[in-house]
Amino acid sequence: MTTVTSQDPSAEPAAVDVLTSRAAALRCGVSFRTVIRWIERGTLGAYRLPGRGDYRIARAELQRFMKEYGIPDPDAPVGTPKRVLVVDDDPGMASAIKRVLTRAGYETAVASDGFLAGSLLHTFKPGLMTLDLRMPGIDGFGVLRLLRETPTLSALKVLVISGESEARLREALAEGASETLPKPFGNEQLLEAVQRLVGAPP
């Protein structure tokens, strides 16, 4: 899509239907300059205000762009059941879980540590998180404590997937995990646990 340049101020849609490039950057979770590059490359449609040169982006166009490139919509309902956030610092394990859930029809995102998980909880808005307990930085227990202390995340289901001992898995349940799944596990065991917590995708 090419950039459209508007020469007529009256051609600008109502303010509620347009966004500045900075507002678009915030919605997409990227820098202002990244949005400008998208516009200049023609992948994101926009127009300039006469005499100022500032870009404006139609809300519908930004929604199209975000959907096409898989950028989560921050206005999506909190706790969308079919969205699963996979939190595991082992790339192989995270990819395996993501692959099984994606094939079953769930939307998935991956976080390699607790810090990234905290960010994605607010942008991706999952209905379920699969959580490894042993991670660098903020470990699984730290993530569980964060959830317990954040009222807006209290409805999130958490499936702890870990090779830790039975005692540690019980501790995770006491800290707020919804269910635990010991490693190693089978694909069917994973799907059954996810479906028990959030149901099957529509």
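**Note on the predicted model: core, charges and backbone**

1. The largest nonpolar core comprises 23 residues, and those with the most contacts inside it are Leu85, Val87, Met129, Leu131 and Leu147. At least two residues of this core come from each of strand 4, strand 5 (107-111), helix 5 (114-123), strand 6 (126-131), helix 6 (140-148), strand 7 (157-162) and helix 7. Helix 6 gives the most, with four residues. The general background is that nonpolar side chains tend to be buried together in soluble globular proteins. The model under review is predicted, not experimental.

2. Salt bridges form the next topic. A search of the whole structure finds 10 of them. The points below take up Asp88 with Lys183, Arg64 with Glu68, and Arg168 with Glu171.

3. Asp88 and Lys183 form a salt bridge through their side chains, at 3.1 Å from N to O. Asp88 belongs to the loop between strand 4 (80-87) and helix 4 (91-103), and Lys183 to the loop between strand 8 (179-182) and helix 8 (187-198), so this pair ties together parts that are 95 residues apart in sequence. The two partners fall into separate classes of accessibility. Asp88 is buried because its relative accessibility is 3%, under the 20% cut-off. Lys183, with a relative accessible area of 24%, is partly exposed.

4. Lys183 also deserves attention for its backbone. The peptide bond that joins Lys183 and Pro184 is cis, with omega about -5°. Pro184 lies in the loop between strand 8 and helix 8, and Lys183 is placed in that loop as well. As background, most peptide bonds are trans. A colleague inspecting this loop will therefore find both the cis bond and the Lys183 end of the salt bridge with Asp88.

5. A further backbone feature concerns Lys125. Phi of Lys125 is near 50°, a positive value in a residue other than glycine. In general, most residues other than glycine have a negative phi. Lys125 is found in the loop between helix 5 and strand 6. Its relative accessible area is 15%, and Lys125 is therefore classed as buried, the cut-off being 20%.

6. Within helix 7 (residues 166-174), Arg168 and Glu171 are three residues apart, about one turn of the helix. Their side chains meet in a salt bridge, at 3.3 Å from N to O. Arg168 is partly exposed at 30% relative accessibility, and Glu171 is likewise partly exposed, at 34%.

7. Helix 3 (residues 59-68) holds both Arg64 and Glu68, which are four residues apart, about one turn of the helix. The salt bridge between Arg64 and Glu68 has its closest N and O atoms 2.4 Å apart. Arg64 counts as partly exposed, at 27% relative accessibility. Salt bridges that share partners join Glu61, Arg64 and Glu68 into one network.

8. The surface carries a patch of positive charge, in which Arg22, Arg33, Arg37 and Arg41 gather. Helix 2 (residues 32-41) gives the most to this patch, with three residues. Arg41 is located in helix 2. Its relative accessible area is 62%, and Arg41 is exposed because this value is over 50%.

Conventions: Residues numbered from 1 in each chain as written. Predicted model: local features only at pLDDT ≥ 70, side-chain atom pairs only at ≥ 80, totals over all residues. Heavy atoms only, no water. Patch = residues over 30% accessible without salt bridge, like charges linked within 9 Å, V, L, I, M, F, W, Y side chains within 5 Å. Areas by Shrake-Rupley, 256 points an atom, 1.4 Å probe, with all protein chains shown as cover. Salt bridge = Lys/Arg side-chain N within 4 Å of Asp/Glu carboxyl O. Lys, Arg positive; Asp, Glu negative; His and termini not counted. Charge placed at Lys NZ, Arg CZ, Asp CG, Glu CD. Buried < 20%, exposed > 50% of the residue type's maximum accessible area, 1.4 Å probe, protein only. Core = buried A, V, L, I, M, F, W, Y, C linked by side-chain atoms within 4.5 Å.
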